[in-house]
Amino acid sequence: MMMSLAARSGAFSPYMQATAFAVAGPLKALIPGVVVKGETVLLNPKKQFLCRESLNGQSPKTGHAVTVSINACTGVRFAHTDVRIPDFSDYRRPEVQDPHKSSQESSESRRTFSYLVTGATTVMGVYAAKTVVSQFVSSMSASADVLAMSKIEIKLQDIPEGNNMTFKWRGKPLFVRHRTEKEIATEAAVNIAELRDPEHDKDRVINPSWVIVLGVCTHLGCVPIANAGDFGGYYCPCHGSHYDASGRIRKGPAPLNLEVPYYEFPDNDTVIVG
């Protein structure tokens, strides 16, 4: 095969013959001078040849390696046994560097170290992921100015009894009604079974004297008129929805009661909505 390859290679055949020769098999007479014992190399030093040693600027440091087959050409090539094998001792653990010692004796300590490294890496990865997720979520949260607009503080002493005041909160009208004792008693006596959206008055207020609802009609989003309608609460003139003094729908097309936002009383004269 080498001879065929050399014959086809044309001008490169002299160089390719530098590392392999075809000689007679054991059943034929050997060509004199092909295999020579000692340090003599069967190469013309003045003739350039193409092989790994010539490319590295070196010459073969060992003799020939001969492969013999029955009644066939014998291959002669250089055995490049002078090539250095990489040493990975610096990367191996001291417990497994001794070739005469079984690695099973130190398997427990090595396994413990591997578990420790894996566990520490996992904890660090989870902490890093948690930090990234927290930063990402916090970046989408509302800014300080938006949070400041989400709440409104109202001084109740400015609203006389029996009156309703309208405030702007989150872009919507907010009704704050100071009810009289008569209105409180009237709304508490309503039979909730007769209501379209059943809800007791005590479930809609924290302090019976104050009713705080959004001024948005639950029908089509119009703004009702305070202290109007058949029930003395709120009236939406757009389609004729009537609400009582607790903000519950009593008549008209509106399906639900007026929405009650979250609010709290930090003291008797102040309410914070939002």
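Predicted model: local features only at pLDDT ≥ 70, side-chain atom pairs only at ≥ 80, totals over all residues.

Author: Residues are numbered from 1 along each chain as its sequence is written, and side-chain values use heavy atoms, with hydrogens and water left out.

Reader: What makes β5 and β6 paired strands?

Author: Strands are DSSP runs of E with at least two residues, numbered from the N terminus, and two of them pair if DSSP finds at least two bridges between them. Strand β5 (residues 164-169) and β6 are joined by 6 bridges and run antiparallel, so they meet that criterion. Phe-167 stands opposite Leu-174 in β6. The two strands form a hairpin with 2 residues between them, and Arg-170 in the turn has a positive phi of about 55°.

Reader: Which strand pairs with β6 over 5 bridges?

Author: That is strand β7 (residues 210-214), in the antiparallel sense. Here Val-176 stands opposite Ile-212 in β7.

Reader: Why is strand β6 described as largely enclosed by the rest of the structure?

Author: Because 6 of the 7 residues of β6 (residues 172-178) are buried, meaning under 20% relative accessible area (1.4 Å probe, protein chains only; exposed is over 50%, partly exposed in between).

Reader: How do you know whether Ser-241 is buried or exposed?

Author: Its relative accessible area is 1%, and the limit for buried is under 20%, so Ser-241 is buried. Ser-241 is found in strand β10 (residues 241-243).

Key: Helix = DSSP H or I, 4+ residues; strand = E, 2+ residues; numbered from the N terminus.
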